[in-house]
Amino acid sequence: MTVDEVAAVRCLIVIPCLNEAPYLESLVSQLEPTLAELNATLVVVDGGSTDGTRDIARSLAARLPKMHVLDNPKRIQSAAINLAIETFGVEHDYMIRIDAHGTYPRDYCRVLVEDALETGADSVVVAMQTVGFGTFQKATAVAQNSVLGNGGAKHRVGAESHWADHGHHALMRIAAFRAVGGYDESFTANEDAECDYRLNQAGYRIWMTARTSMIYYPRASALPLFKQYFGYGRGRARNFLKHRARPSLRQMLPLMVAPVAAGTFLAALTWIAAVPFALWAAACLGYGAWMALGQRNPYGPLAAVSAMIMHFAWSAGFWRELLDIRQRRMPA
């Protein structure tokens, strides 16, 4: 793959963001060399930040001629990407989605384009490694990087390059994105998996590359982590309701956590009702102890607690959405 072949591709790099002031300037600095290397346009789509993110973005755009700022009144990421494609997509071949809450290798975008050109893929997805700084964030990162927290998902643990059904969204052919209708803006989370379902159904191909990956920074405290995974669970349920796409086995297991937890209220009638919850808690805490002792990871026990929060929140979100009678009328 020659430099000229890569440079001939027109890329639209999109950063959807909301209150990302601590991260945005350094992220744009990371991407700045790529704008010239790939003949790319950078768009920051802000969902109504109140922490100075918009001022930072506009200041950066004032000195970078290939950078633009859009306001996203719908706030959510799916709407942000759709807005960027609607505004600038006709002028570009590929869209590269960048998470403001992460960091990327310097050659990240170039590698994505190279893999798309070499494989003919309509979408290139990547593995995601989670890194934390504070104690709780570090423990959550350990959980999300482990089988306990990710269930063995290949876009979490990484794998050899291969054709896939789903992965962390990185690059997509704009023509394919438009052909399937873009992201469904009724999804406040899990919009990527829902979009991948439609891509697969339409015959488009998704390539998971092992040549590059991103680093993601998880939520730094319990409540935001719970809210995040509650949203993920609701999104997966919406996907099921819309497409009748069943959760995978690795998702079916945590799906039972909320019902099992609710069942403990029956322990006043019979102690047997508490057994499933006790077994789940013991399994999680035991895995955390194994990480602490077997892997010599001091964050193992707290990572088990983070994983339990994620399991319960995901399950509760799924059942909350599934049992909401209003969602049964959701249009296809």
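E20 is buried (under 20% relative accessible area, with exposed over 50% and partly exposed in between, for a 1.4 Å probe and protein chains only), yet E20 has no salt bridge. A salt bridge here is a side-chain nitrogen of Lys or Arg within 4 Å of a carboxyl oxygen of Asp or Glu. The nearest side chain of opposite charge, R219, is 6.7 Å away from E20; Lys and Arg count as positive, Asp and Glu as negative, and His and the chain ends are not counted. E20 lies in the loop between β1 and α2 (21–37). Leaving aside neighbours within four places in sequence, E20 is in contact (heavy atoms within 4.5 Å) with D51, T53, A100 and H101.

This is a predicted model, in which local features need pLDDT of at least 70 and side-chain atom pairs count only at pLDDT 80 or more, while totals for chains, interfaces and linings use all residues. Residues are numbered from 1 along each chain as its sequence is written, and side-chain values use heavy atoms, with hydrogens and water left out.

The structure holds twelve aromatic pairs. Rings of Phe, Tyr and Trp (its six-membered ring) pair if their centres lie within 6.5 Å; planes under 30 degrees apart count as stacked, over 60 as edge-to-face and the rest as tilted. F226 and F230 form a stacked pair. Both lie in helix α11 (residues 222–243), four residues apart, about one turn of the helix. Helices (H or I, at least four residues) and strands (E, at least two) are DSSP runs, numbered from the N terminus. F226 counts as partly exposed because its relative accessibility is 27%, and F230 counts as partly exposed at 22%.

Y287 and W290 form a tilted pair. They are three residues apart in helix α14 (residues 275–293), separated by about one helical turn. Y287 is partly exposed at 25% relative accessibility, and W290 is partly exposed with a relative accessible area of 45%.

| Pair | Centre to centre | Angle between planes |
|---|---|---|
| F226 and F230 | 5.9 Å | 20° |
| Y287 and W290 | 5.5 Å | 55° |

Ring pairs also link Y23, F133 and Y217 into a cluster.

Two arginines lie over rings. A charge sits over a ring if NZ of Lys or CZ of Arg is within 6 Å of the ring centre and within 35 degrees of the ring normal. R238 lies over the face of F187, at 5.5 Å from the ring centre, and the charged end of R244 sits over the ring of F240, 5.6 Å from its centre.
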